[in-house]
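Student: I have a new model open and want a quick tour. Can you walk me through it?

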Amino acid sequence: MSEDGDTNTESMDTSQTGSAAVSPSPSDFQDVQPVSYTEPMFWCSISYYEMNQRVGETFHASQPSLTIDGFTDPSNSERFCLGLLSNVNRESVVEMTRRHVGKGVRLYYIGGEVFAECLSESSIFVQSPNCNQRYGWHPATVCKIPPGCNLKIFNNQEFAALLSQSVHRGFEAVYQLTRMCTIRMSFVKGWGAEYRRQTIISTPCWIEMHLNGPLQWLDRVLQQMGPHPFTVGSKS
C-alpha cells in the first residue's frame with residue numbers, strides 16, 4: 001500500500017538524545033545488566049542499487065547532515081554523490097532516471113531522530129517501518145515525499161519503547177526489531193501496490209540505509225539475552 005507523505009515541513013528537534021537503558025532478560029535471569037544506547041562513529045551506512053544490482057561501495061555517514069545527490073564530488077563527508085558511480089551493465093531506464101536525481105535527498109540526524117528532505121525536482125519514495133508504525137500504516141507502506149517536503153523517518157525514543165516492550169516477549173521479538181533499522185528509498189520512481197513496480201528492486205535507482213546505533217543496541221541486548229532458544233548446538 002502506498003501513502004503520500006505529509007506535505008507540511010516538520011520542525012526539527014535539536015535536543016540531544018535522551019539516555020535510555022533496556023533490561024534485556026526476564027526477571028529470573030541472573031547477572032543481567034541494563035543495556036544503554038551508545039552513539040556510534042558512523043550513524044548510518046548507505047548502499048546504492050540500480051534495479052537488483054548493488055553499485056559502488058557502502059557510504060558510512062559520520063556527519064549529522066548528509067546529502068545523497070546525482071553529482072560527482074568524490075571527497076565530501078556530507079555528500080554521497082551517485083553521479084560518480086559507474087555500472088557497465090546500466091540499463092537505459094536507469095540512465096534516464098539518474099539524470100533526474102539532481103540535488104537528491106538530504107538526511108538529518110538530530111536528537112535521535114532522522115528526517116528525509118526532498119531537494120530534487122522529482123519526488124522520492126521512502127519505506128520506513130518505524131514511520132509506518134507511528135502512523136498506524138501497514139509495515140510495507142511506501143511514502144511519497146514531494147519536492148521541498150520532509151518526513152521524519154526514524155525516532156529513537158519510539159524504537160527504545162518498542163525494544164523495552166519486546167524484551168519481555170523473548171529473543172525472537174527483539175530480533176524482529178532489526179527490520180525497524182533498515183530504511184529503503186527510491187528516486188523519481190515509486191513502488192508498491194499503487195504503482196506499476198511492485199518491489200523496490202524494480203525501481204531504477206534506490207538506496208538502503210542501515211541505522212548503526214539501533215542495530216548495535218539490538219546486538220548488545222540479544223547477546224545479554226543469551227542464545228536463540230531454537231539454535232542448534234555444535235554437538236547436535
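Student: What should I know before reading any numbers?

Tutor: This is a predicted model, where local features need pLDDT of at least 70, side-chain atom pairs count only at pLDDT 80 or more, and totals for chains, interfaces and linings use all residues. Residues are numbered from 1 along each chain as its sequence is written, and side-chain values use heavy atoms, with hydrogens and water left out.

Student: What is the mean pLDDT of the protein?

Tutor: The mean is 86, and 82% of the residues reach 70 or more. pLDDT is the predictor's confidence in each residue, from 0 to 100.

Student: OK. How many helices and strands?

Tutor: The protein has 5 helices and 14 strands. These are DSSP runs numbered from the N terminus: helices are H or I with at least four residues, strands are E with at least two.

Student: And how many of the residues are buried?

Tutor: Of the 236 residues, 47% are buried. Buried means under 20% relative accessible area, exposed over 50%, and partly exposed in between (1.4 Å probe, protein chains only).

Student: What share of contacts joins residues at least 24 apart?

Tutor: Take the contacts between residues at least 6 apart in sequence: 63% of them join residues at least 24 apart.

Student: Switching topic. How many salt bridges are there?

Tutor: A search of the whole structure finds 8. The rule is a side-chain nitrogen of Lys or Arg within 4 Å of a carboxyl oxygen of Asp or Glu.

Student: Which residue meets K152 in a salt bridge?

Tutor: E113 does, at 3.0 Å from N to O. K152 lies in strand β12 (residues 150–155) and E113 in strand β9 (residues 113–118), so the pair ties together parts 39 residues apart in sequence.

Student: Is K152 buried or exposed?

Tutor: K152 is buried, with a relative accessible area of 14%. E113 is buried too, at 9%.

Student: Which residue forms a salt bridge with R134?

Tutor: That is E158, with the closest N and O atoms 2.9 Å apart. R134 is in helix α2 (residues 129–134) and E158 in helix α3 (residues 156–166), so this pair ties together parts 24 residues apart in sequence. R134 is partly exposed at 25% relative accessibility, and E158 is partly exposed at 25%.

Student: What about R184?

Tutor: The side chain of R184 meets that of E208 in a salt bridge, 2.8 Å from N to O. R184 sits in strand β13 (residues 182–187) and E208 in strand β14 (residues 206–211), 24 residues apart. R184 counts as partly exposed at 30% relative accessibility, while E208 counts as buried at 10%.

Student: Which residues are linked in a network of salt bridges?

Tutor: E50, R90 and R98 are.

Student: Now the inside. How many residues are in the largest nonpolar core?

Tutor: It has 54, and those with the most contacts inside it include I46, I68, L107 and M209. Helix α5 (residues 212–225) gives the largest share, 5 residues. A second, separate core of 6 residues includes Y49, V142, W191 and W206. A nonpolar core is a set of buried Ala, Val, Leu, Ile, Met, Phe, Trp, Tyr and Cys residues joined through side-chain atoms within 4.5 Å.

Student: What does I68 touch?

Tutor: Beyond four places in sequence, its contacts include I46, F80, L82, F187 and I207.

Student: Last one: strand β10. Which residues are on each face?

Tutor: In β10 (residues 124–127), I124 and V126 are on one side, F125 and Q127 on the other, and all are buried. In a regular strand the side chains alternate between the two faces of the sheet.

Student: Which strands does β10 pair with?

Tutor: It joins strand β11 (residues 142–145) through 3 bridges, antiparallel, and I124 stands opposite I145 there. Another 4 bridges join β10 to β13, also antiparallel. In β13, R184 is the bridge partner of Q127. Two strands pair if DSSP finds at least two bridges between them.

How values were computed: Contact = heavy atoms within 4.5 Å.
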